[in-house]
Amino acid sequence: MLKSSSWSSLHAQLHITLRQRQLLPRSQRLLVAVSGGQDSLCLAKLLLDLQLKWNWHLGIAHCDHRWRSDSEANANHVEALAKIWQLPFYKQTADRLLNSEAAAREWRYRALSAIAEQNDFHYIVTGHTASDRAETLLYNLIRGSGADGLQSLTWQRPLTDYLQLVRPLLQFTRAQTGQFCQEMQLPIWEDSTNQDLKYARNRIRHNIIPYLQQNFNPQVEQALAQTAELLQAEVEYLEDAARQLLLQALEGGSGVEDLDLQSSIPNCLNRIVLRTAPLALQRRVMRQFIQQTLAIAPSFDQVEKLTALIAAPNRSRTDPFPGGAIAQVDRDRICLKVNTKNDLHPK
Ligand SMILES: Nc1ncnc2c1ncn2[C@@H]1O[C@H](COP(=O)(O)OP(=O)(O)OP(=O)(O)O)[C@@H](O)[C@H]1O
């Protein structure tokens with residue numbers, strides 16, 4: 001039933017992208033995450049056909065969330081395909097109820113990482129497409145995300161020190177992967193929850209994107225994916241510049257000895273160093289500072305209040321952060337203190 005190999009424009013485009021972006025080096029062991037849907041089937045087939053050229057060793061991984069009544073049949077379907085393709089198959093089955101999309105995703109990445117570690121794979125490859133990228137961008141835009149959320153879905157990111165997540169299909173739309181599956185006669189497993197409009201993602205996919213395609217731009221998915229691509233490089237640049245500025249502000253901040261915070265991380269920033277920086281960097285420095293010192297992801301309001309301290313009068317302070325820490329101006333410094341009941345300066 002499966003059509004044997006034939007070279008298509010998707011094969012050619014992927015081959016070029018892999019070379020240009022150096023996403024999946026030659027001779028590596030690649031663990032391909034296959035749900036059974038059209039995107040990951042397209043991915044598995046393309047990598048299989050390119051395998052000889054790149055001398056990879058492929059394995060297929062499937063995660064059974066046990067969310068749907070047909071989830072076991074879905075897993076068996078993927079296993080049968082792996083057998084036809086003569087590839088090793090690995091499966092993880094959830095042993096507890098995953099009651100949200102986010103919980104399922106988190107479990108899936110942990111399960112995939114565990115399979116990779118146990119079987120000596122250094123790359124996990126997923127079938128995310130330009131359509132996923134466009135939907136994620138819109139989803140985050142609606143929630144009020146900044147550029148970091150809008151850069152949505154990078155080509156690769158490290159999962160651990162020795163494990164990379166790679167998304168080589170980001171240039172293709174879902175329409176293209178669908179057509180490819182049809183041409184190659186790949187048996188797609190239809191996930192019934194993909195049609196369920198109670199999920200925001202599905203409403204974006206089935207309502208908003210078609211509306212935008214019909215009324216504004218037929219190529220809206222590619223256009224939004226392109227925006228994400230541009231933002232990705234800009235975010236990388238700004239984050240890097242902010243990291244350097246944060247280091248300068250911390251070095252010039254000293255005075256940790258004044259604080260009763262039991263931590264080896266410096267907790268004061270030199271605000272003179274920050275004063276002349278552009279607002280875009282000030283905000284990022286503050287966000288990184290909070291992430292590093294308090295290990296929380298601060299909200300927009302929290303970053304704004306902290307940023308305002310750069311130019312605020314002496315002794316100005318923020319509201320408590322989760323966990324009770326506050327930030328307060330101490331002449332040329334902004335200091336974080338955990339115990340909000342005591343004064344910042346021990347007398
Ligand atoms: N059950 C599964 N088993 C193995 N791989 C999966 C499974 N579900 C999804 N994947 C992988 O993840 C890719 C993206 O899937 P999908 O868009 O459904 O997930 P998502 O939850 O939106 O993912 P993400 O949070 O990474 O964006 C698929 O192309 C496939 O490679």
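Ser-35 sits in the loop that runs between strand 1 (29-33) and helix 2 (38-54). Keep in mind that this is a predicted model. The loop also holds Gly-37, and both residues come up in a UniProt annotation, "binding site", from an unreviewed entry. Here's a quick tour of the loop, then of the ligand.

**The loop**
- The UniProt "binding site" annotation covers Ser-35, Gly-36, Gly-37, Gln-38, Asp-39 and Ser-40.
- Ser-35 has a relative accessible area of 41%, so it counts as partly exposed.
- Gly-37 comes in at 18%, which puts it under the 20% cut-off for buried.
- The side chain of Ser-35 gets to within 3.1 Å of the backbone nitrogen of Gly-37.
- Skipping residues up to four places away in sequence, Ser-35 touches Ser-40, His-62, Asn-74 and Val-78.
- With neighbours within four places left out, Gly-37 is in contact with Ile-188 and Trp-189.

**Around the ligand**
- The ligand is surrounded by 15 residues, and the closest are Ala-33, Cys-63, Arg-105, Tyr-109 and His-128.
- Sorted by class, that shell has five nonpolar, seven polar and three charged residues.

**Polar contacts and cover**
- Ala-33 uses a polar backbone atom, 2.7 Å from an oxygen atom of the ligand.
- Arg-108 puts a polar side-chain atom 3.0 Å from a ligand oxygen.
- For Tyr-109, a polar side-chain atom is 2.3 Å from an oxygen atom of the ligand.
- On its own the ligand has 630 Å² of accessible area, and the protein covers 82% of that.
- Strand 2 (57-64) and helix 4 (101-118) are the elements that give two or more residues to the shell.

Methods
Residues are numbered from 1 along each chain as its sequence is written. This is a predicted model: local features need pLDDT of at least 70, side-chain atom pairs count only at pLDDT 80 or more; totals for chains, interfaces and linings use all residues. Side-chain values use heavy atoms; hydrogens and water are left out. A residue is near a molecule or strand if one of its heavy atoms lies within 4 Å of it. A polar contact is a pair of N or O atoms within 3.5 Å; within protein, one must be able to donate a hydrogen and the other to accept it, and residues adjacent in sequence count only if both atoms are side-chain atoms. Accessible areas come from the Shrake-Rupley method with a 1.4 Å probe; for residues, only the protein chains shown count as cover. Helices (H or I, at least four residues) and strands (E, at least two) are DSSP runs, numbered from the N terminus. Ala, Val, Leu, Ile, Met, Phe, Trp, Tyr, Cys and Pro count as nonpolar, Asp, Glu, Lys and Arg as charged, and the others, Gly among them, as polar. UniProt positions are given in the numbering used here, feature names are shortened, and annotations may be inferred rather than shown by experiment. Buried means under 20% relative accessible area, exposed over 50%, partly exposed in between (1.4 Å probe, protein chains only). Contact means heavy atoms within 4.5 Å.
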